[in-house]
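Welcome! Please take a moment with the sequence and the 3D view below, and then we will walk through them together.

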There are 2 protein chains.
Amino acid sequence: MAKYKLDEIDHQILDMLIDNTRIPFTDIAKKLVISAGTVHVRVKKMEEAGIIQGSSLTLDYKKLGYSFIAYVGVFLNNTSQTKFVLERINEIPYVTVAHITTGKFNIFCKVRAKDTAHAKDIIFMLDDIDGIYRTETMISLEESINDKKRLMHTIFNEL
Amino acid sequence: MAKYKLDEIDHQILDMLIDNTRIPFTDIAKKLVISAGTVHVRVKKMEEAGIIQGSSLTLDYKKLGYSFIAYVGVFLNNTSQTKFVLERINEIPYVTVAHITTGKFNIFCKVRAKDTAHAKDIIFMLDDIDGIYRTETMISLEESINDKKRLMHTIFNEL
DNA sequence: GGTGAAACTTCTAATAA
DNA sequence: TTATTAGAAGTTTCACC
């Protein structure tokens, strides 16, 4: 990957788009005192460079009937099975995140489910995967912080 | 909050917006064989109902210089300090997610940092918070799965 | 690189069905 | 609730800095 250096204007464009991806480029242009065409070109470049990977809605999972979150630590029989196990885990759409980790666990997952009964089913699915020796579940009682935008603003102000 | 029931069309609108929030409403309208005005009205309603909480860019953190991810489990001296400790944690922008959990830990955090040196600073900040007795860090070697869109598509197809 | 204007497309609100 | 419509607004391209 070619090194791509963002400048102050790029940062400010990202900073505005992060809060609202549908903000008109003309609004961004006005605030930064540049033309809408420039905003357009820069956004396209950042997309091509892979800095902007895409956009997504933030939805209220609770209102969609998915109010259960758990983190599941996975112990493997043998780390050589990591790739295979991750492929199996990837078949479960309720596992939204999985990391290979150091420390206590070999793999660490985030699970979203409708309720405890549904979560039980998902955890059993995980336990059933060949190569998984044991799992350990931490149930979220409350998601108190969830704010990647704050981090992005911090990153952009570091300049 | 008033109960808000999404129908098939709402689901399909969300399903398309999740993949690309800047897709023109006219494109959505064409695919669903409804008018763009209808799409507009429905999106606005879902925003007002709080189902759509906002939109955000998916950025490549590595390219922004933040390639380090860790999960940190927090042990409190006493659960009565939970609220106070979360307020302190919330002051650290590098902690992007925090949950109150059952199981091993009292609080569970996700940390994003530039590198191991930066992560050390952040973890020391956590350890320094009054009421935190001890922390346990799991370093991510690789984020193998990160796909909430897949879950959303699954939810919308459950209808 | 950036601009500004033109051509094109989309949005949005009001009205009508 | 949905469709139509028309003026307002946004996007994108391109010739020219």
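A residue is near a molecule or strand if one of its heavy atoms lies within 4 Å of it. The model you see is predicted, so local features need pLDDT of at least 70 and side-chain atom pairs count only at pLDDT 80 or more, while totals for chains, interfaces and linings use all residues. Residues are numbered from 1 along each chain as its sequence is written, chains are lettered from A and ligands numbered from 1 in the order in which they are written, and side-chain values use heavy atoms, with hydrogens and water left out.

**Around DNA strand C**

Let us begin with DNA strand C. Of the atoms of DNA strand C that come within 4 Å of the protein, 96% are sugar and phosphate. By class, this surface has 3 nonpolar, 4 polar and 5 charged residues. Here Ala, Val, Leu, Ile, Met, Phe, Trp, Tyr, Cys and Pro count as nonpolar, Asp, Glu, Lys and Arg as charged, and the others, Gly among them, as polar.

**Around DNA strand D**

Which residues surround DNA strand D? From chain A they are Pro24, Phe25, Thr26, Asp27, His40 and Lys44, and from chain B they are Arg22, Ile34, Ser35, Thr38, Arg42 and Lys45. Sugar or phosphate holds 88% of the atoms of DNA strand D within 4 Å of the protein, and bases hold the rest. The surface near DNA strand D divides into 3 nonpolar, 4 polar and 5 charged residues.

**Contacts with phosphate oxygens**

The table lists some polar contacts, meaning pairs of N or O atoms within 3.5 Å; within protein, one must be able to donate a hydrogen and the other to accept it, and residues adjacent in sequence count only if both atoms are side-chain atoms.

| Residue and its atom | Phosphate oxygen of | Distance |
|---|---|---|
| A:His40, side chain | DNA strand D | 3.0 Å |
| B:Thr38, side chain | DNA strand D | 3.2 Å |
| B:Lys45, side chain | DNA strand D | 2.5 Å |
| B:Phe25, backbone | DNA strand C | 3.0 Å |
| B:His40, side chain | DNA strand C | 3.2 Å |

**Where the chains pair**

Strand E1 (residues 52-59) of chain A runs antiparallel to E1(B), joined by 7 bridges. Strands (E, at least two residues) are DSSP runs, as are helices (H or I, at least four), numbered from the N terminus; two strands pair if DSSP finds at least two bridges between them.
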